[in-house]
Amino acid sequence: VLEVDQTPIGKTPRSCPATYVGFWDDIRKLYAGTRESRLRGWTGSRFSFNTGDGRCPECEGQGMRTIEMSFLPDVKVPCDACHGARFNQETLGVQWNGRSAGDVLRMEVDDAIGHFSAHRRIARALQLMQDVGLGYLTLGQPSPTLSGGEAQRIKLVTELTKAHLDEGVLRTGRASRVPHTLYVLDEPTVGLSTADVEKLIRVLHRLVDAGHTVVVIEHNLDVIAEADWIVDLGPEGGDEGGRVVAQGSPEQLCAGRTHTGRILAEFLAPRQAHGALEAR
């Protein structure tokens, strides 16, 4: 059982989407494999900003420095030495595909997909981040600056990456390395646009199509309408709720008299009318 909640994915600026999802290790190998790195005898550890000689000595790989303010909260500003790049100048001098490791950390996911298109493992993780509506994040975005919803979707991407649930795997039918898992998500659509909700629903369908079970606590009607089975709690909210008042498929709930069933029926009516016209 895996709870995909909205708790932070990291407490320090060193943590970022690239390290949490896990594809930064593959990127480090690319830089370690360049001609300049091999001549200098550098390995992948040189391009780690958590330890080693490659990180900026002033900010210790955080890219930010903390200024303590009397009687006010501490303020974080970009490091004067590396200007937020996290690495020292020697390390930044090594380029792969025209960019340094610091440049890559500043790239948005949408741009990085094309940059790493020839490297399947990296591109797959980036594509999944885009699929859940995180294409605007930079690879090195400090984890403490992420919202709860963003952190939740990054956790979901991490699990999808582990399970190899890209389109190719679903097409070929190869077995996942991850055993059957029950995923529990608490209101994953909070703060999402309508377009991003649609992306999230497609990702949840991937998990189900791969044989897993997904339980979503949700009020969003788009998500409720896509469910195979709905458990409706009520009859009212707060202290007047908490009991199972109905359960079944969306169609079965629409036939009932609960608040959810009534609103869901109104929501699905235009879709059903459109489907009837297409059938004619």
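1. Basis. This is a predicted model, in which local features need pLDDT of at least 70, side-chain atom pairs count only at pLDDT 80 or more, and totals for chains, interfaces and linings use all residues. Residues are numbered from 1 along each chain as its sequence is written, and side-chain values use heavy atoms, with hydrogens and water left out.

2. Overall build. The chain holds 13 helices and 7 strands. Helices (H or I, at least four residues) and strands (E, at least two) are DSSP runs, numbered from the N terminus. The C-alpha trace spans about 70 × 55 × 35 Å along its principal axes. Of the 280 residues, 44% are buried; buried means under 20% relative accessible area, exposed over 50%, and partly exposed in between (1.4 Å probe, protein chains only).

3. Contacts along the chain. Contact means heavy atoms within 4.5 Å. Among contacts with a separation of 6 or more, 59% join residues 24 or more positions apart.

4. Main core. A nonpolar core is a set of buried Ala, Val, Leu, Ile, Met, Phe, Trp, Tyr and Cys residues joined through side-chain atoms within 4.5 Å. The largest one has 55 residues. Phe23, Trp24, Ile27, Phe116, Leu126, Leu139 and Leu156 have the most contacts inside it. Elements giving two or more residues include α1 (17–21), α2 (24–32), α8 (148–163), β4 (182–186) and α10 (194–209). The largest share, 6 residues, comes from α10.

5. Another core, of 7 residues, lies apart from the largest one. Ile224, Ala225, Leu253 and Leu268 are among its members.

6. Helix α2. This helix is mostly covered, with 7 of its 9 residues buried. They are Trp24, Asp26, Ile27, Arg28, Leu30, Tyr31 and Ala32. These buried residues pack against α1, α3 (35–40), α5 and α7. Beyond its neighbours within four places in sequence, Trp24 is in contact with Ala18, Thr19, Phe47, Phe49, Phe87, Ala101, Val104 and Leu105.

7. Arg86. Check this residue in the viewer. Arg86 sits in the loop between β3 (75–78) and α4 (89–92). A polar atom of the Arg86 side chain lies 3.1 Å from the backbone oxygen of Gly140. Leaving out residues up to four places away in sequence, Arg86 touches several residues, including Arg14, Phe49, Arg55, Gln62 and Pro142.

Note on methods:
A polar contact is a pair of N or O atoms within 3.5 Å; within protein, one must be able to donate a hydrogen and the other to accept it, and residues adjacent in sequence count only if both atoms are side-chain atoms.
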